[in-house]
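This walk-through takes the structure from its overall division down to single residues. Please keep the sequence and the 3D view open while reading.

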Amino acid sequence: MSQQKRGQGPIMRFTKMHGLGNDFMVVDAISQPFRLSTDTIRELADRHFGVGFDQLLVVEPPGLPDVDFRYRIFNADGSEVEQCGNGARCFARFVRDQRLTNKRVIRVQTAKGVIELKIGRDGLVAVNMGVPELNPPAIPFAADRRKNVYTVDVNDQMAELSAISMGNPHGVLVVENVDTAPVETLGPLLERHPRFPARANIGFLQVIDRRHARLRVFERGSGETLACGSGACAAVVAGCLRGLLDARVEVELRGGRLLIEWQGEGAPVMMEGPATTVFEGQLRLPGESQPRRRRSARPNTRPHKNGA
Ligand SMILES: N[C@@H](CCC[C@H](N)C(=O)O)C(=O)O
């Protein structure tokens, strides 16, 4: 990328979407070429100098039989990741709206397996997010044995959390009140804690009653977002494992509500919620002739424009 010049390359079409305010740039890489460097993704994610998004979602042809598409996900810091629940609902809406499929039940290959998306007549999208992984090495989380709650030393303060993979790694803490939870301080420390060798998304769960919860999530590679679908799934699994929640829970995130269902060990987590298109656009990508000036000191996880 150091040999590239801004705005001299090919034109790329994209759609701006969001799931409860967790926002995405969605690119059809079936009908146009897709090749973006980490630097370019970070620049596009920038809310002042770029398009602005929490994640970039890429629609590719499937690499497996019996699957409709391949779904790739990049965080705002340019890292490629395994799962994005809110993105999965937008993905379903996107492939239907762009007429890449006319199916209502869509099977999608992710970096960690196949997920199934179902577009309802009411416009809501239901996603089978797969069976949560609780085995520490598979999350990955450093622990001698599997537990429902782990004690983690953060600068000599002990934090109690559940560790769960929904395809991507999550740590979930139960808090009294999400409004006063230390999301901005503890979130980044736990995201990069050595016990999460692949980093992690950190959820702060407030249990209202057995069927209602509130949640804020400090996302790996994107900072706090207005909603995190895989985080809501992980939070309900954590709440069930701790005996605090029932199998069907309405989770209130800063950007709106998701319905999450988990029938217990060995069962997949089901998520239902909205997917919204904001606008369609196109931009000219960097060319490949001259060195590009790098803006300095751009943080990996920049503040959300909504003050989240
Ligand atoms: N917003 C997402 C999760 C996106 C990926 C995450 N930041 C990670 O690094 O795993 C969701 O809705 O699940």
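How many residue pairs are in polar contact between domain 1 and domain 2? In this predicted model, the count is 13 residue pairs, both residues being at pLDDT 80 or more. On the side of domain 1 that touches domain 2, helix 2 (residues 85-97) gives the largest share, 3 residues.

The two domains come from the domain assignment of the protein chain: domain 1 covers 3-128 + 276-284, and domain 2 covers 136-267. The contact draws on 16 residues from domain 1 and 20 residues from domain 2. Taken over C-alpha atoms, the domain centres are separated by 24 Å. Between them the domains bury about 1,300 Å², with 44% of that area on carbon and sulfur atoms. The interface of domain 1 and domain 2 also holds 2 salt bridges. Elsewhere in the list of charged pairs, Asp77 and Arg199 form a salt bridge through their side chains, at 3.1 Å from N to O.

Gly19 lies in strand 1 (residues 11-19). With a relative accessible area of 0%, Gly19 counts as buried, because the cut-off for buried is under 20%. Apart from neighbours within four places in sequence, Gly19 is in contact with Phe24, Asn86, Arg89, Cys90, Ala227 and Pro274. Leu36 is 17 residues from Gly19 in sequence, and their C-alpha atoms are 23 Å apart in space.

The side chain of His170 makes a polar contact of 3.1 Å with the side chain of Asn168. Leaving out residues up to four places away in sequence, His170 touches Ser162, Ala163, Ile164, Phe196, Asn201, Cys228, Ser230, Gly231 and Ala234.

Next comes helix 4, which spans residues 229-241. Its 13 residues reach 19 Å from the first C-alpha to the last, close to the 18 Å expected at 1.5 Å a residue. Is helix 4 enclosed or open, and why? Helix 4 is largely enclosed by the rest of the structure, because 13 of its 13 residues are buried. Just after helix 4, Gly243 takes a positive phi of about 75 degrees.

Technical notes. Residues are numbered from 1 along each chain as its sequence is written. This is a predicted model: local features need pLDDT of at least 70, side-chain atom pairs count only at pLDDT 80 or more; totals for chains, interfaces and linings use all residues. Side-chain values use heavy atoms; hydrogens and water are left out. A polar contact is a pair of N or O atoms within 3.5 Å; within protein, one must be able to donate a hydrogen and the other to accept it, and residues adjacent in sequence count only if both atoms are side-chain atoms. Contact means heavy atoms within 4.5 Å. Helices (H or I, at least four residues) and strands (E, at least two) are DSSP runs, numbered from the N terminus. The expected span of a helix is 1.5 Å times one less than its number of residues. Buried means under 20% relative accessible area, exposed over 50%, partly exposed in between (1.4 Å probe, protein chains only). Domain bounds come from an automatic or database domain assignment. Buried area is the accessible area (1.4 Å probe) that two parts lose on being put together, summed over both. A salt bridge is a side-chain nitrogen of Lys or Arg within 4 Å of a carboxyl oxygen of Asp or Glu.
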